[in-house]
Amino acid sequence: MNKKSVKDIDVKGKVVFCRVDFNVPMKDGKVTDDTRIRAALPTIQYLTEQGAKVLLASHLGRPKGQVVEELRLDAVAARLQELLGKTVVKTNEAYGDTVKAEIEKLQNGDVLLLENVRFYAGEEKNDAELAKAFADLADVYVNDAFGAAHRAHASTAGIAQYLPAVAGFLMEKELEVLGKALSNPDRPFTAIIGGAKVKDKIDVIESLLEKVDNLIIGGGLAYTFIKALGHGVGKSLLEEDKIDLAKSFMEKAKANGVNFYMPVDIVVGDDFSNDANTQIVSIDQIPSDWEGLDAGPKTREIYADVIKNSKLVIWNGPMGVFELDTFANGTKAVAQALAEAKDTYTVIGGGDSAAAVEKFNLADKMDHISTGGGASLEFMEGKELPGVTALNDK
Ligand SMILES: Nc1ncnc2c1ncn2[C@@H]1O[C@H](COP(=O)(O)OP(=O)(O)O)[C@@H](O)[C@H]1O
Ligand SMILES: O=C(OP(=O)(O)O)[C@H](O)COP(=O)(O)O
């Protein structure tokens, strides 16, 4: 990597503003998967051992510039404190005089977690005033938030203009592993794209169609493609204005000689809950008042077979609503196939895909679990990551 890292600077006694991605899954006010917190520990521990005063900053969810009580970072601070085995001070703001007063009290090696940076409208606008206000708290900026590196926000990019700016260990490792896998991919190379962030992911498919041998579409994304084939999708997730694009992707796959896979059958539910009534239907038989929530058994078999015969697989986005056991089988089948594929290098991207692999106790069977979904996809697209570009060159 041509960017400076924490190892290249002296942080002893300095206040370090360290951007992390603690955008973790939560339920009933508790962190349900702490993968992203654990992934940031090497950098945090290194900084504390070096005698820095560590300010951690993160977003949680998409509060759109307003305070949303459920998106405060207190539960994250509590989990981090358990993992670090030391006190984590938590402030209710992310900059300003109250925060400065708390920083004054820190000793070398102490850790403080700032409030959700997306409570401020300036964060996502990469507002210079907010970036300066963050920079005003610290002497050095460390970006370890690979998962948010594709966002040009005040705490991921803007702040780097005002402070010495370096990468953390997680950022470095992610860029190294993903870069290596993609520079000269082993073939057959398969990409599996699912999840719910249709708008974010659909464009990535276009560039993957230039690189991969097999493309598998699943999860909430699939319904825009099912619609593009002319079928009804009932109450399933649908991005109306991407239907034509989905159609063009299927044509492009054919033209490029890419094997294109999408569900042939799905599990539909009459309710978004574990107690829903379910049916397995082919994709042209989705009842109008039901919702597609998982991949069906035939689809699972086809996907597992493609995985088995691949040398490199990147997987981003669950195949269904895996958080509900009733709709977890499609995601589980893909995770199991990846775990069993011994000669296949498996790269998992995305907070929810990583959480799914954890839930099925298969995390240690994967070669690399990226903490970034959108970020790893944009990296694989060859796009510049603003959170990386903003850092100081070596
Ligand atoms: N058919 C579906 N309908 C609605 N939501 C879905 C469907 N399939 C998957 N999801 C949801 O997608 C979410 C993950 O999407 P996304 O954020 O895009 O993935 P990742 O975090 O892995 O990048 C999960 O919460 C899952 O429940
Ligand atoms: O969870 C994240 O993205 P991901 O689900 O694509 O991995 C990152 O924290 C970025 O969040 P955002 O997509 O709200 O900017």
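Mentor: A polar contact is a pair of N or O atoms within 3.5 Å; within protein, one atom must be able to donate a hydrogen and the other to accept it, and residues adjacent in sequence count only if both atoms are side-chain atoms. In this predicted model, a polar backbone atom of Gly 374 lies 2.7 Å from an oxygen atom of ligand 2.

Trainee: Which conventions apply to the numbering and to the selection of atoms?

Mentor: Residues are numbered from 1 along each chain as its sequence is written, while chains are lettered from A and ligands numbered from 1 in the order in which they are written. As this is a predicted model, local features need pLDDT of at least 70 and side-chain atom pairs count only at pLDDT 80 or more, whereas totals for chains, interfaces and linings use all residues; side-chain values use heavy atoms, with hydrogens and water left out.

Trainee: What is the mean pLDDT of the chain?

Mentor: pLDDT is the predictor's confidence in each residue, from 0 to 100. Where it is low, the predicted coordinates should not be read in detail. Here the chain has a mean of 95, and 100% of its residues reach 70 or more. For the complex, the predictor gives an ipTM of 0.89 and a pTM of 0.81.

Trainee: Returning to ligand 2, how many residues surround it, and which are the closest?

Mentor: A residue is near a molecule if one of its heavy atoms lies within 4 Å of it. Ligand 2 is surrounded by 14 residues, the closest being Arg 62, Arg 118, Arg 151, Lys 197 and Gly 374. A polar side-chain atom of Arg 62 is 2.7 Å from an oxygen atom of the ligand, and an N or O atom in the side chain of Asn 23 is 3.0 Å from an oxygen atom of ligand 2. Taken alone, ligand 2 exposes 390 Å², of which the protein buries 93%. Such accessible areas come from the Shrake-Rupley method with a 1.4 Å probe; for residues, only the protein chains shown count as cover.

Trainee: Which residues come nearest to ligand 1?

Mentor: Ala 196, Lys 201, Glu 323, Asp 352 and Ser 353 come nearest, out of 19 residues around ligand 1. Helices (H or I, at least four residues) and strands (E, at least two) are DSSP runs, numbered from the N terminus. By that assignment, strand 14 (291-295) and helix 12 (351-359) each supply at least two residues of the shell, and helix 12 gives the largest share, three residues. Oxygen atoms of ligand 1 lie 2.9 Å from a polar backbone atom of Ala 196 and 2.9 Å from an N or O atom in the side chain of Asp 352. A nitrogen atom of ligand 1 is 3.2 Å from a polar backbone atom of Gly 220. The protein covers 90% of the 580 Å² of accessible area that ligand 1 has on its own.

Trainee: Is helix 1 mostly covered or exposed?

Mentor: Buried means under 20% relative accessible area, exposed over 50%, and partly exposed in between (1.4 Å probe, protein chains only). Helix 1 is mostly covered, with 11 of its 15 residues buried; among them are Ile 37, Leu 41, Ile 44 and Leu 47.

Trainee: Where does Ser 376 lie, and which backbone oxygens does its side chain reach?

Mentor: Ser 376 lies in helix 13 (residues 374-381) and counts as buried, at 2% relative accessibility. Its side chain reaches the backbone oxygen of Gly 372 at 2.5 Å and that of Gly 373 at 2.9 Å.

Trainee: Which backbone features of the loops deserve a note?

Mentor: The peptide bond from Arg 187 to Pro 188 is cis, with omega near 0°; Pro 188 lies in the loop between helix 6 (169-183) and strand 9 (189-193). Asn 126 has a positive phi of about 55° although it is not a glycine, and at 29% relative accessibility Asn 126 is partly exposed. Asn 361, in the loop between helix 12 and strand 17 (368-369), has a positive phi near 55° and is exposed at 64%.
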